[in-house]
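Q: I am new to this structure. Please walk me through one part of it closely, after a quick look at the whole.

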Amino acid sequence: MANRTSKTVTLHVSSITGNTAQIAEGVRKTLDELGWTVFDAQPGAAPGTEVVVMCFWCRKSSLDPKSLEYLKRCKGKKILLFGTIGGWPAGKYGALVRANVTTTVEEHNECLGVFLCQGRVRQQRIDERRALPPDHPHYLDDWGVVRLTEGLNHPNATDILYAQAFARDYLPT
Ligand SMILES: Cc1cc2nc3c(=O)[nH]c(=O)nc-3n(C[C@H](O)[C@H](O)[C@H](O)COP(=O)(O)O)c2cc1C
């Protein structure tokens with residue numbers, strides 16, 4: 001029989017517009033189903049468990065500021081990460097974000113894996129970026145519009161299911 005007393009995890013969630021919060025709630029259900037006791041991360045306090053699940057939104061191709069701040073409290077932890085991003089999660093950009101996050105986490109901790117899915121960006125922001133001059137770094141070309149328009153559909157039920165499957169694969173046994 002599994003040793004339930006050792007299955008404790010701290011869940012950190014950073015979400016401004018709610019995308020990452022949706023993924024986090026899906027992962028929380030899976031943690032419950034797998035018999036983990038879940039403690040919510042307390043800002044400013046180090047996690048009291050060896051395993052930490054961090055749910056972040058992507059900023060500057062890496063972790064958001066609140067998640068970076070929480071990471072400073074983590075030393076010698078096993079950390080599994082779930083992120084939502086405006087970019088494509090598959091392909092080169094997703095690989096870059098995963099590499100950046102892994103490198104940052106592994107400075108003082110063990111990275112168990114990084115799950116990514118798209119998260120919607122406000123339509124107003126898409127329109128603003130579309131209206132920028134083409135030489136502006138945030139200008140959206142046609143393919144960029146395709147990407148962020150697709151992003152309006154995410155995270156969806158399938159993204160949450162994929163995140164739950166990822167949690168089942170990469171949580172320590
Ligand atoms: C200030 C800001 C910076 C962002 N930077 C990036 C970025 O560098 N790469 C990216 O793929 N998405 C970026 N995004 C998109 C967000 O990561 C994405 O919409 C995410 O799902 C938001 O999560 P939340 O709803 O949990 O706050 C940025 C969004 C904001 C508001």
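How many helices and strands are there in the protein? And which strands pair with strand 1?

A: First, the ground rules. This is a predicted model: local features need pLDDT of at least 70, side-chain atom pairs count only at pLDDT 80 or more, and totals for chains, interfaces and linings use all residues. Residues are numbered from 1 along each chain as its sequence is written.

The protein has six helices and six strands. These are DSSP runs numbered from the N terminus: helices are H or I with at least four residues, strands are E with at least two. Their order along the sequence is β-α-β-β-β-α-β-α-β-α-α-α. Of the 173 residues, 38% are buried, meaning that 20 or more other C-beta atoms, placed from the backbone, lie within 10 Å of the residue's own.

Now strand 1. It spans residues 8-13, and five of its six residues are buried. Strand 1 has two parallel partners, strand 2 and strand 3. Pairing requires at least two DSSP bridges between the strands.

Take strand 2, residues 37-40, first. Four bridges join it to strand 1. One of the links is Thr8 with Thr37. Between these two strands comes helix 1, residues 19-33, and the three make a right-handed β-α-β unit. Right-handed means that, with the strands pointing away from the viewer, the path from the first strand over the helix to the second runs clockwise.

Conventions:
Buried ≥ 20, exposed ≤ 12 C-beta atoms within 10 Å, placed from the backbone.
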